[in-house]
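Work through the two exercises below with the sequence and the model open beside you. Try each task before you read its solution.

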Amino acid sequence: MPTKVENWKDEVYGNEIRDHLMTFAEEGWDAIPEDEHDAWFERFKWWGLYHQRSGQESYFMMRIGTPNGVIEPGQLDVIAEVADKYARGPVDNPEFGDAYCDWTTRQSIQLHWIKIEDIPEIFDMLESVGLSTQQACGDSWRNIVGCPVAGKDTHEHIDAWPVAEDLHDTFKGDDDYANLPRKWKVSVTGCDQGCGQGDINDLAFEPAEKDGELGFNVRVGGGLARKEPRFARDIDVWVPTDRVDDMSAGMSALFREYGDREDRFNARIKFLMDEWGPEKMRSVLQEEFVDFELPSAGEDMRDQYTYNAGDNEHGDHVGVYEQPDGNYYVGLNVLVGRMGVDDVYELADLADEYGSGEVRLTQRQNIIVTDVDSDRLDAFLDEPLLEDYSPDPHPFMRGSIACTGTEFCSLSIVETKNRQVRYARWLTDNVSLPEGVEDFHIHLSGCTASCAQPQIADISLRGMKTRKDGEPVEAFDIGLGGGLGENPLFADWVEMRVAADEVPGYIDNLLDAFEAKRDGDETFRDFVADRDEATLQDLADPEETSYDDPYLGNTKMTWYPYAEDTDMQSSPAPTDADDQPLPSDD
Amino acid sequence: MTTDVHQLDDGAWISVNDSREVNVSDLWLLAKSDFCDCAPTDFLAEGFVETGIDPPNIQAKIAGRCITCGTEGVTNWLTVGRVIEPESGEFYGVVQDSVHIPEK
């Protein structure tokens, strides 16, 4: 029997949701029938709106999908304007102020505290510069990811940006692919470093050569969520660039027809891959969903992959790099991906002044200014903003990723972004990295949904609870040794239910053990891979230190963790268009 | 009025009559459960897997972990609250950190 969500989707879904959204926006929050809240909030996701968690009713997170993370000239300023004008909540965030933008691990943008009444104006502003929230969430084609410097990269074999852009233009808004059983995540990589992270996507195109022609090998069924991580599997297919659309149409139609619509927990294509295996996946695709002969896989470049491969060669795109045209791209570190709105305005101005005005988002929550003239590079690097968003950050700053967490998210178990900011600062001030370690990833995810991609980090933190002196406190399961590269590995979960205030001490002790026991210049990933779980568990213990954690209690019980009065009953929500509390029914 | 119950957002919460009533991230004390050998099981709710109604009880099977011994899994049916008068649809949640006995 189809799920309730499927029934709601059968009634109204896809492009048509927009008309309803506009009607509700015009009439106000109260116009959404109370007995239809769940159905409408599920549908709104398709247009990038996600109802914030309990205690924050009537406020929405809004996601803007920017394919391949490309923010074209003129767009960043408008994003800042939208955040400035519409993404202000009732209470400031103590680390980031009263308006900010989040750059996500899928090269998208998230804004919070959005009111439904403001949607028409927001959509007008975004669409005036070619931006959209369409299909940023919901059961369809999500934002297409890839190497964030596609087209500007000396390691590139195929410029993947036009490929990703074409997929975006083709499949966003196409009714045939608007209602899939679950989300559909696609990655396109054109370089030989593997920075499209294809291995953790539902459908991945990776560069490969066949009979002297460059095209893409195809992998299917990757994903990290729900303690069921999978790397995408090789289905032995190569396609030339001009067949990527046909291949994608076929694969997403296969998912549409065969994906599980009766159990959302089993709906992602990774579970169909579990059931069928790559050979059947290929044969069903060939027989039922494409009208051309699928060539077998070509020769890939995976043995050259260095992105997040554990060996310090190419951990991310932060830094100064020359483009093939002689200009430079400068990758700036954005700690946990969150940037205050004044800084976003300033960055937009700097991108205009020193580059083409284009910036790009990475899958590590950072931002890249492209096309910086070589003659003006030094002046750009001297800009004061780059003191806060450095192209040469400390490894603990550079490697820190965090998801949204209990600040706004229903699923999260723990506070995330502000805590990861404090972790990174404390580690930077107090912990020495072993010699030669310049790239060290710590990914913090509030729950098993894995939005911070914890399983592919050197140190993986996943939200948990434990008791300390009998009282429940926020905690983390800790995994070690994950990463991508030619032979990707998921983290090995070795230390469970560590109280959040003892995590920095654990990392300090762990790195001491690594330094003492490593074999020469052995990498951390190899160090972990060479040891069994029991040995890893014996390496280090959690420990209280001078690190202070203000979020140790149950932040999910609050209406907003940083409010002066955090009690759920003190929430102003739901509110009207002017943020004034609406009368309660009680 | 029929009582409408379901889990949403990947099992993040239980909706009763289109109102968010029970959330993940709370600790539940489970007695006489087969979940693990701990007595009681100090259970962290990580996701609602299934919901049901045994009038007037609203029930759920919850995925999560005993934070004492680390056992992971899904509980048997647990009462998470009650709708005593279906006409009003008003939901009365149980107190999570009191002791709960899952159905066998």
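This is a predicted model: local features need pLDDT of at least 70, side-chain atom pairs count only at pLDDT 80 or more; totals for chains, interfaces and linings use all residues.

Residues are numbered from 1 along each chain as its sequence is written, chains are lettered from A and ligands numbered from 1 in the order in which they are written, and side-chain values use heavy atoms, with hydrogens and water left out.

**Exercise 1.** Describe how domain 1 and domain 2 of chain A meet.

Step 1. Locate the domains, whose bounds come from an automatic or database domain assignment: domain 1 of chain A covers 4-128 and domain 2 covers 150-304.

Step 2. Look for contact, meaning heavy atoms within 4.5 Å; 15 residues of domain 1 of chain A touch 17 residues of domain 2 of chain A in this way.

Step 3. Search for salt bridges, each a side-chain nitrogen of Lys or Arg within 4 Å of a carboxyl oxygen of Asp or Glu. The rule finds two across this interface of chain A. R264(A) and E42(A) form a salt bridge through their side chains, at 3.9 Å from N to O.

**Exercise 2.** Describe the fold pattern and overall dimensions of chain B.

Step 1. Take the extent of chain B, whose C-alpha trace spans about 40 × 25 × 20 Å along its principal axes.

Conventions. Helices (H or I, at least four residues) and strands (E, at least two) are DSSP runs, numbered from the N terminus.
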